[in-house]
Amino acid sequence: MSSKLPPGRFVRSVLKSFMVQSGLEPRLFGPHLRITDAAVGKVDFELDIQKDHTNRLKILHGGTIASMVDFGGSLAVASMGLYATGVSTDMNITYLTNGGRVGDTIKATAVCEKIGKTLAFTTVTFRNAKGDLAARGSHTKYVAQAWDASQPYIPPPGAEVDDDVD
């Protein structure tokens with residue numbers, strides 16, 4: 001049996017799992033997305049904007065931000081100790097200003113506002129390279145089966161654990 005990990009190391013281990021097991025995240029974000037800080041209920045992460053993340057106006061595509069809201073919500077749920085992070089039931093994104101261009105870094109903060117036996121409610125805010133609030137999103141996840149899948153902050157047997165120590 002795996003041992004209990006500190007929240008930051010646990011969330012980075014969940015990120016590793018997404019990058020190995022998922023179809024979308026490794027292709028869309030790849031090595032350009034990283035977690036900069038993680039604690040119980042909150043994860044800071046950032047994305048180095050590449051051409052694949054932009055629209056025809058050469059600015060960050062709204063679909064990239066939407067995917068980051070989805071992914072950020074999962075990381076916020078993971079910060080509460082769940083390795084399985086549930087499935088989306090609702091997502092909303094408000095775009096306030098340009099998120100950036102190729103070569104810029106967009107910074108995000110994902111927060112798990114509330115988690116219960118069935119649903120988790122998360123918010124993600126985005127700041128562009130100028131520090132302006134570029135977008136904000138909310139993401140609701142169904143987590144009932146995720147609670148049954150693991151013990152808090154303990155990766156499942158065979159999971160790749162992040163090497164960095166908090």
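What radius of gyration does the protein have, and does it agree or disagree with that of a compact globule of 166 residues? I started there. This is a predicted model, and every value I noted is computed from it.

**Overall dimensions**

I looked up the radius of gyration and found 15 Å. A compact globule with 166 residues would come out near 15 Å, so the protein agrees with that expectation. Next I took the box around the C-alpha atoms. Along the principal axes, that box is roughly 50 × 30 × 25 Å.

**Elements and contacts**

I went through the secondary structure. I have four helices and six strands in my notes. Read from the N terminus, the order is α-α-β-β-α-β-β-β-β-α. Then I checked how far apart in sequence the contacting residues are. Taking contacts with a separation of 6 or more, I found that 70% join residues 24 or more positions apart.

**Surface and charge**

I noted an accessible surface of about 8,400 Å². Carbon and sulfur atoms hold 51% of that surface. I listed the charged side chains too: 18 are positive and 17 are negative. The centres of the two sets are 5 Å apart.

**The cores**

I turned to the inside. Buried residues are 43% of the 166 in the protein. In soluble globular proteins, nonpolar side chains tend to be buried together. I looked for such groups here. The largest nonpolar core has 33 residues. Within this core, Ile-35, Phe-45, Ile-106 and Phe-126 touch the most other members. I listed the elements that give two or more residues to it: α1 (7-21), β1 (33-39), β2 (42-48), α3 (62-78), β4 (105-115), β5 (119-127) and β6 (133-142). Helix α3 gives the most, with seven residues.

I set aside neighbours within four places in sequence. Its contacts are then Val-11, Arg-12, Leu-15, Val-43, Asp-44, Phe-45 and Leu-75. I also found another core, apart from the largest one, with five residues. Among them are Val-77, Leu-82, Ala-120 and Ala-146.

**Thr-64**

Is Thr-64 buried or exposed? I found Thr-64 in helix α3. Its relative accessible area is 4%. The cut-off for buried is under 20%, so Thr-64 counts as buried. I then looked up what Thr-64 touches, leaving out residues up to four places away in sequence. The list is Leu-28, Phe-29, Leu-47 and His-53.

Definitions and conventions: Residues numbered from 1 in each chain as written. Predicted model: local features only at pLDDT ≥ 70, side-chain atom pairs only at ≥ 80, totals over all residues. Heavy atoms only, no water. Core = buried A, V, L, I, M, F, W, Y, C linked by side-chain atoms within 4.5 Å. Buried < 20%, exposed > 50% of the residue type's maximum accessible area, 1.4 Å probe, protein only. Contact = heavy atoms within 4.5 Å. Rg over C-alpha atoms; globule rule 2.2 N^0.38 Å. Areas by Shrake-Rupley, 256 points an atom, 1.4 Å probe, with all protein chains shown as cover. Lys, Arg positive; Asp, Glu negative; His and termini not counted. Charge placed at Lys NZ, Arg CZ, Asp CG, Glu CD.
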